[in-house]
Amino acid sequence: MAGFNRRDFLVSSGVALASAGLSPLAYAQDATPKRGGTLNMLINPEPPVLVSIFQTTGPALVASSKVLEGLLAYDFDLKPKPQLATAWNASPDGLKYTFTLRQNVKWHDGEPFTSADVAFSIELLKSIHPRGRSTFANVTRVSTPDARTAIIELSKPAPYLLKALSAGESPIVPKHLYANGDPLTNPHNNAPIGTGPFRFKSWARGASIVYERNPDYWDAGKPYIDSLVFKVIPDAAARSAAFETGALDLGGENPVPLSDLPRLTQLPQLAVETRGYRFLEPLSEIDFNLDHPILKDVRVRQAIAHAINPQVVQKTIAYGYADISPTPITPASPYHDAKLAPYPFDTANAEKLLDAAGYPRKNGGPRFQLTHDFLPYGDMYRRQADYVKSALARVGIDVTVRSQDLPSFLKRVYADRQFDFTSIGVNTLFDPSVGVQRLYWSKNIRPGVPFSNAPHYSNAQVDALLESASIETDETKRVALYQQFQQIVYRDLPILNLVAPRMVTVANRRVRNHTVSAQGLEGNLADVYLSA
Amino acid sequence: MNRRTRFAAIARRTAWQALPTVLAIVILNFFLLKLMPGDAADVLAGEAGSATAETLQALRAKFGLDQPVLHQLGAYLSHLAHGSLGYSPRYDAPVLQLILSRLPNTLLLMGTALGLALVAGVVLGAVMAHWAGKWPDRVLSVLALLLYSTPGFWIGLLAIVLFSVHLGWLPSGGDATIGAQLHGFARFADVARHVLLPAVTLATFFVAIYARLTRAAMLEVQRQDFVRTAHAKGLHPLRVTVRHVLRNALMPLTTMIGIHFGTLLGGAAVTETVFSWPGLGRLALDAVMARDFSVLLGVLLLSSLLVIVANVAVDLLQAWLDPRIA
């Protein structure tokens with residue numbers, strides 16, 4: 001049995017998902033896995049590289065995690081499981097994590113995997129990974145007393161560290177291939193060499209990526225399928241058609257428009273899965289520009305909160321595939337404060353607040369005008385923006401919806417700050433220190449950095465709470481700190497949190513065991529098999 | 001003037017017109033692209049869903065985006081002078097290699113589509129002109145109008161639903177069966193099956209134009225004296241239509257095809273997206289969305305070269321069709 005963390009803080013984080021009555025083993029027990037076959041999986045959009053050490057776009061994580069592995073894998077409840085590490089433990093002060101590494105693991109080029117690879121990779125993650133820079137900020141050194149032991153030493157505790165070691169988030173790359181030259185331009189970023197169940201075979205840009213079974217995989221007998229083909233299908237309607245014709249077996253992160261789901265799920269061969277996204281945990285929200293002369297008044301923001309019905313967002317905008325989350329830490333997290341309910345949908349109250357703020361209705365006309373931008377990612381946020389327009393019209397706010405492509409949007413909001421308020425989605429990730437703190441921490445007001453503190457929210461008390469929680473090793477105290485944080489930002493309302501969308505995986509029923517962990521399709525797919 | 005010197009004159013004229021045109025296109029494109037808000041680092045950071053100021057700075061340094069704009073232009077032109085289209089930092093590959101990997105697909109799709117459009121358009125147009133004002137003309141006119149006004153992506157999606165999803169005759173996308181090691185005729189048949197739907201989709205719009213154009217041009221030629229002479233000689237009406245009328249009516253058609261060659265590249269982006277066809281149009285579209293300027297400049301440069309080559313070909317073709325053109 002793997003050595004569990006003495007303080008066992010991860011157990012509590014699993015309660016939320018485990019209590020949902022989900023049994024990850026239900027699939028695994030239905031038959032003995034069958035060997036052979038080709039799995040056709042969607043990759044969308046096409047990733048720029050196949051290694052996720054400096055690229056954290058979803059498709060790169062999906063592609064990388066089959067070839068390059070992490071130290072740990074995770075249960076549905078985010079409890080660590082062995083992958084390249086077979087045992088691990090943390091020192092009582094939380095400043096030292098010792099990993100015992102798997103023996104007799106070879107890279108796909110035949111070189112042995114050792115602790116030097118781990119030390120090299122953690123240091124690389126700390127210097128070039130978009131999140132690793134903050135996740136591993138407290139790492140002072142990674143020592144390697146012997147070839148199968150790696151010790152991560154920290155200057156300050158990092159209670160989220162053990163949740164950040166998945167293959168997608170923190171891949172272990174071969175030192176002998178990455179030590180020389182610039183890792184960003186390493187040719188193996190496009191032709192990865194790892195320890196994982198699949199080997200890279202070919203990549204036809206714009207069409208497909210082909211992986212083949214690694215017969216020397218350390219988990220003998222796995223993987224079950226012979227080859228894994230990622231297909232690039234840029235058009236949403238064409239993806240739906242590909243699922244219908246059987247050209248696609250598997251696709252994650254809402255592979256088809258949600259409006260197509262009812263039709264596709266009618267088909268006997270297709271099934272839908274919503275588990276396996278705990279590492280992303282997206283959140284749909286409205287960010288206010290607190291430098292805006294009208295929106296800097298908290299009464300105006302509260303009026304907007306009262307005028308928008310989160311149930312409409314949940315049922316109509318997200319087609320029911322969402323949980324209402326009035327706080328930035330979603331209900332799936334053990335740090336969620338369930339005592340906070342959404343601002344009641346109450347247009348009379350909203351009008352009263354707007355009157356009090358000094359914006360009366362001007363003889364039948366609107367009180368004032370605002371422009372609303374939305375994140376151009378899928379169509380969820382466009383639909384949400386349309387709803388915001390119609391909902392706010394009822395309380396006398398005239399909203400113009402403005403659309404633009406992704407780089408234009410990011411530049412407008414984060415660099416130029418030419419916005420009033422936005423419909424946006426962020427991934428709150430596996431821990432609030434990594435996924436939520438960046439949105440509210442005043443030290444993360446970083447011009448030009450996407451998904452930083454867009455509202456320019458600055459509250460010394462919130463900063464202190466976030467900073468304490470990020471190094472708090474006592475789980476009960478950490479929960480209390482985050483609950484206090486949620487209560488303050490709920491009241492201050494720099495961001496109106498609406499729903500946590502549930503991502504959907506669409507799969508042909510012959511594909512078994514595709515979602516066996518919290519990593520979902522960002523797992524290594526070693527357990528996947530195709531039933532007859 | 002004999003034919004060879006005529007052709008040489010056309011080629012010379014085109015060459016000295018093409019060079020400054022291409023240079024102007026490159027410089028104009030460069031500044032147009034620089035006007036777009038956001039850069040490649042923004043996109044990568046946005047797609048990643050998280051970033052730090054340091055990683056953004058590292059990305060910009062890697063892409064050369066931290067340099068002054070004129071410096072970037074100078075670097076690009078200097079690369080170009082050395083025969084290099086630059087390097088795509090996003091794809092971690094030379095731009096030329098990216099483009100060459102997509103070019104055969106695009107040429108195949110465009111060639112097939114243009115060929116289909118030309119044959120179908122000319123046949124339909126000839127039929128319409130021959131029976132002008134009668135019912136075949138009326139029916140085909142309505143059909144041409146329908147094809148002309150229906151958006152290509154919609155035709156493409158409907159074709160997928162009908163031929164791939166319901167009938168299961170043809171694949172719904174891609175350029176070949178992935179992983180199938182086919183050779184000879186099997187490979188040809190596989191590619192043909194994949195190219196058919198996108199080519200037909202791409203062709204529909206142009207079929208309508210060519211049909212209308214052929215019809216109008218033929219009606220005009222029919223009123224000319226030499227046609228009456230041909231009829232008076234007692235030639236078979238079909239022979240008059242094909243040999244005398246159609247050949248003369250092809251002149252405006254060839255001009256249009258030259259122009260459409262450029263349009264097809266643009267129109268191909270939509271069709272390529274619907275049918276997951278790995279061609280240049282999609283590469284360009286992806287490059288716009290990703291602000292991958294070196295790739296986009298390369299595609300635009302190549303497209304402008306293609307259009308120029310197509311125009312030269314049309315000029316030569318017209319010189320051959322009509323000896324009066326010098």
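The legends below go with close-up views of a predicted model.

**View 1. Chain B as a whole, a fold with twelve helices and two strands.** Let's start with the setting. Along the sequence, the order of elements in chain B is α-α-α-α-β-β-α-α-α-α-α-α-α-α. The C-alpha trace of this chain extends over about 85 × 55 × 40 Å when taken along its principal axes. Of the 326 residues in chain B, 40% are buried. Among contacts in chain B with a separation of 6 or more, 73% are between residues 24 or more positions apart.

**View 2. The surroundings of Val299(B) in the largest nonpolar core.** This core has 235 residues, and Val207(B), Tyr210(B) and Val299(B) are those with the most contacts inside it. Helix H8 of chain B, residues 184–222, provides the largest share of the core, with 17 residues. To find your way around Val299(B), look for Ile99(B), Leu280(B), Leu283(B), Ala284(B) and Ala287(B), which are its contacts once neighbours within four places in sequence are set aside.

**View 3. The side of chain B that touches chain A.** Here 48 residues of chain B meet 47 residues of chain A. On the chain B side, at least two residues each come from helices H2 (40–48), H3 (53–63), H5 (95–130), H7 (152–166), H10 (237–274) and H11 (280–290). H2(B) contributes the most, with seven residues. Sorted by class, this side of chain B holds 22 nonpolar, 15 polar and eleven charged residues.

**View 4. Helix H13 of chain A packed on H2(B).** Now we zoom in on one pair of helices from the two chains. The axes of H13(A), residues 406–416, and H2(B) are 9 Å apart, and the packing angle is about 90 degrees. The two helices are therefore roughly perpendicular to each other. From H13(A), the contact uses Leu406(A), Pro407(A), Leu410(A) and Lys411(A), while H2(B) brings Asp42(B), Val43(B) and Gly46(B). Four of the contact residues are nonpolar, one is polar and two are charged.

**View 5. Helices H10 and H12 of chain A, crossing at roughly 135 degrees.** This pair lies within chain A: H10(A) covers residues 310–317 and H12(A) covers residues 380–393, and their axes come within 11 Å. The crossing of the two helices is right-handed. On H10(A), look for Val312(A), Val313(A) and Ile317(A); on H12(A), their partners in the contact are Met380(A), Arg383(A), Gln384(A) and Tyr387(A). By class, the residues of this contact are five nonpolar, one polar and one charged.

**View 6. Ala150(A) in strand E7 of chain A.** Strand E7 runs over residues 149–154. Ala150(A) counts as buried because it has 28 C-beta neighbours inside 10 Å. Beyond residues up to four places away in sequence, Ala150(A) touches Phe99(A), Leu101(A), Ser115(A), Val118(A), Ala119(A), Val142(A) and Thr144(A). For a sense of scale, Ser403(A) is 253 residues from Ala150(A) in sequence, and their C-alpha atoms are 49 Å apart in space.

View 7. Most peptide bonds are trans, so both spots are worth a look. Pro45(A) sits in the loop that links strand E1 (38–42) to helix H3 (58–64) of chain A. Pro223(A) belongs to the loop between strands E9 (208–213) and E10 (227–231) of chain A.

**View 8. Positive phi values at Leu78(A) and Asn513(A).** Most residues other than glycine have a negative phi. Leu78(A) has a phi near 65 degrees, and its place is the loop between strands E2 (72–74) and E3 (80–82) of chain A. With 25 C-beta neighbours inside 10 Å, Leu78(A) counts as buried. For Asn513(A), phi is about 60 degrees. Asn513(A) lies in the loop between strands E20 (511–512) and E21 (529–530) of chain A. Asn513(A) also counts as buried, because 20 C-beta neighbours lie inside 10 Å.

Terms used
Residues are numbered from 1 along each chain as its sequence is written. Chains are lettered from A and ligands numbered from 1 in the order in which they are written. This is a predicted model: local features need pLDDT of at least 70, side-chain atom pairs count only at pLDDT 80 or more; totals for chains, interfaces and linings use all residues. Axes are lines fitted to C-alpha atoms, for helices over the stretch in contact, and angles run from 0 to 180 degrees between N-to-C directions. Helices (H or I, at least four residues) and strands (E, at least two) are DSSP runs, numbered from the N terminus. A crossing is left-handed if the near helix is turned anticlockwise from the far one by less than a right angle, and right-handed if clockwise. Two residues are in contact if their C-beta atoms, placed from the backbone, lie within 7 Å. Ala, Val, Leu, Ile, Met, Phe, Trp, Tyr, Cys and Pro count as nonpolar, Asp, Glu, Lys and Arg as charged, and the others, Gly among them, as polar. A nonpolar core is a set of buried Ala, Val, Leu, Ile, Met, Phe, Trp, Tyr and Cys residues joined through C-beta atoms within 7 Å. A residue is buried if 20 or more other C-beta atoms lie within 10 Å of its own, exposed if 12 or fewer, and partly exposed in between; C-beta atoms are placed from the backbone. Angles under 35 degrees count as roughly parallel, over 145 as roughly antiparallel, 65 to 115 as roughly perpendicular and the rest as oblique.
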